[in-house]
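Have the model open while you read.

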Amino acid sequence: MVFDGEAAASLVKELRLSFNSGKTRSYEWRISQLKAFLKMVVEQEDQIVEALRSDLAKPPLETVVYEIGMFKNSCEVTLKELKQWMTPEKAKTSITTFPSSAEIVPEPLGVVLVISAWNYPFLLSLDPVVGAIAAGNAVVLKPSEIAPASSTLLLKLLGEYVDNSCVRVVEGAVDETTALLQQKWDKILYTGNGKVGRIVMAAAAKHLTPVILELGGKSPTVVDSNVNLEVTARRIISGKWGCNNGQACISPDYIITTKDFAPKLVDALKIELENCFGKNPLESVDLSRIVSSNHFARLTKFLDDDKVSGKIVFGGEKDESKLRIAPTLLLDVPRDSLIMSEEIFGPLLPIITVNKLEESFDFINEGTKPLAAYLFTNDNKFKEEFVKNVSAGGLLINDTVLHVVVHTLPFGGVGESGMGAYHGKFSFDAFTHRKAVLYRGFTGDGSIRYPPYTDTKQKTMKALVAGDVTGVVRALFGWS
């Protein structure tokens, strides 16, 4: 069956009818769907692990911890906190509206669209969907066609476990996504690259639809010379190659360190990489493969660039038939090389050297704002300077990627790395309208706000708007 503009319009109409019935607004419905998701990942863990093995050769530990574990945690936090999140928030009023009371009422936006990514196809699909459902919306999920086994499994599992009158999955590629983007949504969340992000935003603009764009960028890792080298190397490896073999939007994209310290850091990384992935990493079952031949060719092009081909100090082995590239370190990469011109999204890690570490601030800020930035140091003053001077979606000191597991922190980009944020309550807020409500009775209805206007009324109203009680009294008694 062809999914075209007509089918997309029919789907949105159907979901809008469900939303307008009020079904998704109840606490009970939202909780039932969250519990269904939890049941689904518990009962279908093996199928999810197998789908990710098929799409990416992702190690089971990475799937169980980073996809299933983080998603379960998201569901559990939402189940625990949802009643409180849904409760209207009292707001203060002033003498200007006396007597009155006020509150901020969270209300769902309506029918929302989530367009997901291939690199973490379960977490990045279902985590935003949970936020949208928790906020009381009807949702369409469009998984990435580049992870086909995961996409098909999401269609199957959501069809079986959740309420299909309000939550639907649409599979497909460019044509299907285009058909979906032609419709009017109440919000769109897209995870992916900036090129498609611009297409999503342009389509949304036609309907004045707000968007959350979870993009990426070149996330820097600055390494000081006063660190624990062994721990630093392991934590960089964990965030780079231990997260989908570098195919993660918050993966360390390049290192900045001093010329003097770089050789020591390279030696430490070599030792720890061998400890993690053995002498022949292309055979390691603990490294994901490259997702597609297109991405393999893109990464190979980086390595074939004349400016960097002589800079490889570790790794560089490739097996095109198995779509595998070994963890690769490149030292003293020129800043105008191809590998430094765009997000790498793979197992290659260039190391930039500077004379003084303070130079890293200008280097980072000369580029577009990254989704994440990392610093390893024991110097408290340098930490403060880093936090103050480096603009990124999120910062992490003395580790990599772990900030995304803290549900009390927003996850999102800034500038070209994205807009808007989610995770924890931020997911609920992302798909919620905070409706301002002011309550007044019929008492206290003074004539001063109504024509005909007089000098006394003007002075009294001026004082009222300013919240100046003394001024109100002076105006009413005609005291200048």
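Predicted model: local features only at pLDDT ≥ 70, side-chain atom pairs only at ≥ 80, totals over all residues.

Two spots get a look below: the second largest pocket, with about 390 Å³ of space, and the place where helix 12 packs with helix 13.

**The second largest pocket**

- Its lining is made up of 17 residues, and those nearest the centre are Thr96, Phe98, Gly444, Ile448 and Leu464.
- Helix 15 (455-465) and helix 16 (469-476) both give at least two residues to the lining of this pocket.
- Of these, helix 15 provides the largest share of the lining, 4 residues.
- Sorted by class, the lining of the second largest pocket comes out as 9 nonpolar, 5 polar and 3 charged residues.

**Helix 12 against helix 13**

- Helix 12 spans residues 359-366 and helix 13 spans residues 380-389; their axes lie 11 Å apart, at an angle of about 20°.
- Angles under 35 degrees count as roughly parallel, so helix 12 and helix 13 are roughly parallel to each other.
- The crossing of helix 12 and helix 13 is right-handed.
- On the helix 12 side, the contact uses Ser360, Phe361, Ile364 and Asn365; helix 13 answers with Phe382, Glu385, Phe386 and Asn389.
- Split by class, the residues in this contact of helix 12 with helix 13 are 4 nonpolar, 3 polar and 1 charged.

Methods. Residues numbered from 1 in each chain as written. Heavy atoms only, no water. 1 Å grid on protein atoms, 1.4 Å probe; cavity = no way out; pocket = protein on both sides within 12 Å on 5 of 7 lines; lining within 4 Å. Points joined across faces, edges and corners; volume = space filled by probe spheres on them. Nonpolar A, V, L, I, M, F, W, Y, C, P; charged D, E, K, R; others polar. Axes fitted to C-alpha atoms, helices over the stretch in contact; angles between N-to-C directions. Parallel < 35°, antiparallel > 145°, perpendicular 65-115°, else oblique. Left-handed = near helix turned anticlockwise from the far one by under 90°. Contact = heavy atoms within 4.5 Å.
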